[in-house]
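Please keep the sequence and the structure at hand while reading.

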Amino acid sequence: QVQLVESGGGLVQTGGSLRLSCAASGRTFSSHAMGWFRQAPGKERDVVATISWHGLSTYYVDSVKGRFTISRDSAKNAVYLQMDSLKPEDTALYYCASVRSFSTAQAIAVMPESQYDYWGRGTQVTVSS
């Protein structure tokens, strides 16, 4: 059974840091691009960052540029999201997802969610002011 499991969320003060992890199991994701998404209460789920299958291409939504860093460890079948200088508006449920694609991270970021083949259940990030 293929699974993506997120971890690392929690409650942090403004300006703090968290590192989210997404562990993949059930298959290798070496041919998959990966993405982090988030959904705040009452809002739609949006892409936050993506990384290409080989890890050489990354994309960030403008609101997190310079603060968040996406990375992957293919040997561990894992993807990470380092979040620094957190703000209250970063509060959301964070999901990781995979898509079998050799496209750039920028191209992956605009793919509809229906094209992503696996999703995790999410990890909650709450930033207090």
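## Salt bridges

Which side chain meets that of Asp90 in a salt bridge of 2.9 Å, N to O? The partner is Arg38, where a salt bridge is a side-chain nitrogen of Lys or Arg within 4 Å of a carboxyl oxygen of Asp or Glu. Asp90 lies in the loop between β8 and β9 and Arg38 in strand β4, so the pair ties together parts that are 52 residues apart in sequence; strands (E, at least two residues) are DSSP runs, numbered from the N terminus. Both Asp90 and Arg38 are buried, a term that stands for under 20% relative accessible area, with exposed meaning over 50% and partly exposed in between (1.4 Å probe, protein chains only).

Asp90 also forms a salt bridge with Arg67, at 2.7 Å from N to O. Because Arg67 sits in the loop between β6 (58-60) and β7, while Asp90 is in the loop between β8 and β9, this pair ties together parts that are 23 residues apart in sequence. Arg67 is buried, as is Asp90, and salt bridges with shared partners join Arg38, Arg67 and Asp90 into one network. The whole structure holds 4 salt bridges, and one of them pairs the side chains of Lys65 and Asp62 (3.0 Å, N to O). Asp62 counts as exposed, at 61% relative accessibility. Side chains of opposite charge can pair when their charged atoms come close.

## Basis of the model

This is a predicted model, in which local features need pLDDT of at least 70 and side-chain atom pairs count only at pLDDT 80 or more, whereas totals for chains, interfaces and linings use all residues. Residues are numbered from 1 along each chain as its sequence is written, and side-chain values use heavy atoms, with hydrogens and water left out.

## Nonpolar cores

A nonpolar core is a set of buried Ala, Val, Leu, Ile, Met, Phe, Trp, Tyr and Cys residues joined through side-chain atoms within 4.5 Å. The largest one has 26 residues, and those with the most contacts inside it are Trp36, Val48, Phe68, Ile70, Leu81, Met83 and Tyr94. At least two residues of this core come from each of β3 (18-25), β4, β5, β7 (68-73), β8 (78-83), β9 (92-100) and β11 (123-128), and β3 gives the largest share, 4 residues. Apart from this core lies another, of 9 residues, among them Phe37, Ala97, Ile108 and Tyr116. In soluble globular proteins, nonpolar side chains tend to be buried together.

Two residues show how such contacts are arranged, with contact meaning heavy atoms within 4.5 Å. Leaving out residues up to four places away in sequence, Ile70 touches partners including Met34, Trp36, Ala49, Ile51, Tyr60, Val79 and Leu81. Leu20, in strand β3, is buried with a relative accessible area of 0%; under the exclusion of residues up to four places away, its partners include Ser7, Trp36, Leu81, Met83, Tyr94 and Val125.

## Pocket and cavity

On a 1 Å grid over the protein atoms alone, a cavity is a set of points where a 1.4 Å probe fits but cannot get out, and a pocket is an open set with protein on both sides within 12 Å along at least five of seven lines; lining residues have an atom within 4 Å of a point. The largest pocket has a volume of about 150 Å³, a volume being the space filled by probe spheres set on the points, which are joined across faces, edges and corners. Its lining includes Arg38, Gln39, Ala40, Asp46, Val47, Glu89, Thr91 and Ala92, and the elements giving two or more residues to that lining are β4 (32-39) and β5 (46-51). Ala40, in the loop between β4 and β5, is in contact with Thr91 and Ala92 when neighbours within four places in sequence are left aside. The C-alpha atoms of Ala40 and Thr91 are 6.5 Å apart, although the two residues are 51 apart in sequence.

The structure holds 1 cavity of 30 Å³ or more, and the largest cavity has a volume of about 40 Å³. Ala24, Phe29, Met34, Arg72, Ser74, Asn77, Ala78 and Val79 line the largest cavity.

## Backbone exceptions

Asn77, found in the loop between β7 and β8, has a positive phi of about 55° although it is not a glycine, and counts as buried at 16% relative accessibility.
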